[in-house]
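This briefing covers a single model and is arranged by topic. Please have the sequence and the coordinates open while reading.

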Amino acid sequence: MILHLRAKPNARQNQLLRAADGSLTVRLQAPPQDGQANAVLLAFLAATFGVPKSRVTLLSGHTAPFKKVEIEGMSEEEGERALAQLPA
């Protein structure tokens with residue numbers, strides 16, 4: 001499964017939100033320095049989707065707010081079920 005999302009660092013808490021148009025935004029507590037926010041992003045997504053961290057890979061957007069993340073071993077249906085439980 002591949003996710004396209006927007007990352008917002010320096011948030012109060014880690015949170016994954018889905019907008020009405022279906023776009024995903026992830027708020028991260030970590031600062032956007034030295035890859036800290038990316039590391040927190042991958043760990044947070046692994047915990048959110050219930051997969052090991054080794055199965056979550058940042059494909060693009062290493063220094064940009066718009067990220068493309070792959071979650072290995074998760075079907076689109078499983079991912080959509082998990083995303084349907086997110087707050088709007």
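Asp 34 is exposed, because its relative accessible area is 80%, above the 50% cut-off for that class. The model is predicted, and Asp 34 lies in its loop between strand 3 and helix 1. The phi of Asp 34 is positive, at about 55°, although the residue is not a glycine.

**Positive phi elsewhere**

- Most residues other than glycine have a negative phi.
- Asn 10, which is not a glycine, has a positive phi of about 60°.
- The loop between strand 1 and strand 2 (15-18) holds Asn 10.
- Asn 10 counts as exposed because its relative accessibility is 53%.
- Gly 61 takes a positive phi near 90° in the hairpin of strand 4 and strand 5.

**Strand 4 and strand 5**

- Strand 4 and strand 5 run antiparallel and are joined by four bridges.
- Five residues sit between the strands of this hairpin.
- Leu 58 has Val 69 of strand 5 standing opposite.

**Lys 67**

- Lys 67 belongs to strand 5.
- Lys 67 is buried and has no salt bridge.
- For Lys 67, the nearest side chain of opposite charge is that of Asp 34, 13 Å away; a salt bridge requires the charged atoms to be within 4 Å.
- The side chain of Lys 67 makes a polar contact of 2.9 Å with the side chain of Asn 38.
- A polar atom of the Lys 67 side chain also lies 2.6 Å from the backbone oxygen of Gly 61.
- Not counting residues up to four places away in sequence, Lys 67 touches Leu 3, His 4, Leu 5 and Ala 7, among others.
- Further contacts of Lys 67 on that basis include Leu 41, Leu 58, Ser 60 and His 62.

**The salt bridge**

- How many salt bridges does the structure hold? There is one.
- Glu 80 and Arg 18 form a salt bridge through their side chains, with an N to O distance of 3.3 Å.
- This pair links distant parts of the chain, with Glu 80 in helix 2 (residues 76-84) and Arg 18 in strand 2, 62 residues apart.
- Glu 80 counts as partly exposed because its relative accessibility is 38%.
- Arg 18 also counts as partly exposed, at 24% relative accessibility.

**Thr 25**

- Thr 25 is placed in strand 3.
- Is Thr 25 buried or exposed? Thr 25 counts as buried because its relative accessibility is 18%, below the 20% cut-off.
- Thr 25 is in contact with Arg 6, Lys 8, Gln 15, Leu 16 and Leu 17, leaving aside neighbours within four places in sequence.
- The C-alpha atoms of Thr 25 and His 4 are 9.0 Å apart in space, while the two residues are 21 residues apart in sequence.

**Nonpolar core**

- The largest nonpolar core has 24 residues.
- Leu 3, Leu 16, Val 26, Leu 45, Phe 49, Val 56 and Leu 83 touch the most other members of this core.
- At least two core residues come from each of strand 1 (2-8), strand 3 (24-27), helix 1 (36-49), strand 4 (56-60) and strand 5 (66-71).
- Helix 1 gives the largest share of this core, seven residues.

Key. Residues are numbered from 1 along each chain as its sequence is written. This is a predicted model: local features need pLDDT of at least 70, side-chain atom pairs count only at pLDDT 80 or more; totals for chains, interfaces and linings use all residues. Side-chain values use heavy atoms; hydrogens and water are left out. A nonpolar core is a set of buried Ala, Val, Leu, Ile, Met, Phe, Trp, Tyr and Cys residues joined through side-chain atoms within 4.5 Å. Buried means under 20% relative accessible area, exposed over 50%, partly exposed in between (1.4 Å probe, protein chains only). Lys and Arg count as positive and Asp and Glu as negative; His and the chain ends are not counted. A polar contact is a pair of N or O atoms within 3.5 Å; within protein, one must be able to donate a hydrogen and the other to accept it, and residues adjacent in sequence count only if both atoms are side-chain atoms. Contact means heavy atoms within 4.5 Å. Two strands pair if DSSP finds at least two bridges between them.
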